Amino acid sequence: MNYRPISDSLIDKFLLMESSGTTMKMAMPFGEQVDVSSDESSSSDGDDHKAESEQMSNNIAVNQVVEELVSEGTKTICDHLDMVKCESEHMSDNLNIGQDVEELVSEDAFLRRARMYQEYMQLVPIPTQTHSSIPCTSWAGLAASIKKLYGQPLHYLTNLCIKQRDQMRIGADDEVDPLEMLIHPTKAESSIWLMEEVHRRTSSPHYLAKLWLADPMYHVYIDPIFPKLQNPSK
C-alpha cells in the first residue's frame, strides 16, 4: 500500500510551534526565585498576562496544526481506500469481460457445429418406401428398429421428441401395454418419418446451438450413423 506523504509545510509549522513553546518554558525555570518590587508589580502582571496570551495562542496554533495533520492523514487513507475500490471494480470488470468473451467463443463454436450437422442431415434422403409393419413396444424401440432397418440416423430433435412420447405414457392406464396395441405400427412409423422430414428440412442451426449449449449431454441424442450419400455435393 502506498500512502500519500504528509506535506512538509504542516510538519514545519508543527515544529515551529513546539520550539516557540519550549523557549517560553525555559525563560522561567521552575523553582527559581525572582525578586519583584512593589513598583514593578503592575509591569510584572502585564508581562504574565502577555505570556499567558502568547501561550494560549501557541496552544491554539498547535491544535490547528494537529487537526490539519489528522485531517490530511484521514484524507490520505480515504483516497487510498477509494483507489483500492476502483482497482477491485476494474478487476471485476475484467473478469466479466473475460467470461463474456469465453461465452461468445463457445457460442460461435456450437453454432458452426450445428450448421454443419444441419447441412449434413439435409443431405440424407427420406426413404420413399417403408416397411409394412415393424413390431414395437415403445417409441424408443420403434426408433431403434427404424435406424437399423434403413441404416439412417434420426435427427437430434426427432430423438428428443421420441423420448418425450415415451415419457408421456408414464402413469397412464395403458402404460404397460405395447405401443403396437395402441397405434398401428405403420401409422407409428409414418409419424416418425413425417417428424423427421420436418426436422431435417426446417430446423435452424441457431436453435440447435442454443439447445446444445444448454445441455452438456446433447451428444447422446445424435446418432453415430453415417450412410453413404449418392450426391453429397447437392
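Modeller: Before we start, a nonpolar core here is a set of buried Ala, Val, Leu, Ile, Met, Phe, Trp, Tyr and Cys residues joined through side-chain atoms within 4.5 Å; buried means under 20% relative accessible area, exposed over 50%, partly exposed in between (1.4 Å probe, protein chains only). This is a predicted model, where local features need pLDDT of at least 70, side-chain atom pairs count only at pLDDT 80 or more, and totals for chains, interfaces and linings use all residues. Residues are numbered from 1 along each chain as its sequence is written, and side-chain values use heavy atoms, without hydrogens and water.

Colleague: Which residues touch the most other members of the largest nonpolar core?

Modeller: Of its 14 residues, those are Trp-139, Leu-142, Ile-146, Leu-154, Ile-162, Ile-192 and Trp-193.

Colleague: Why is the pair of Tyr-156 and Trp-212 called edge-to-face?

Modeller: Rings of Phe, Tyr and Trp (its six-membered ring) pair if their centres lie within 6.5 Å; planes under 30 degrees apart count as stacked, over 60 as edge-to-face and the rest as tilted. Tyr-156 and Trp-212 are 5.8 Å centre to centre with 90 degrees between the planes, so edge-to-face it is.

Colleague: And what makes Trp-212 and Tyr-218 stacked?

Modeller: Their centres are 4.9 Å apart and their planes 20 degrees, so they fall under the 30 degrees for stacked. Both residues are buried.

Colleague: How do you know that the charged end of Arg-165 sits over the ring of Trp-139?

Modeller: The rule wants NZ of Lys or CZ of Arg within 6 Å of the ring centre and within 35 degrees of the ring normal. Arg-165 is listed as over the ring, 4.3 Å from the centre. Arg-113 does likewise over Phe-110, at 5.1 Å.
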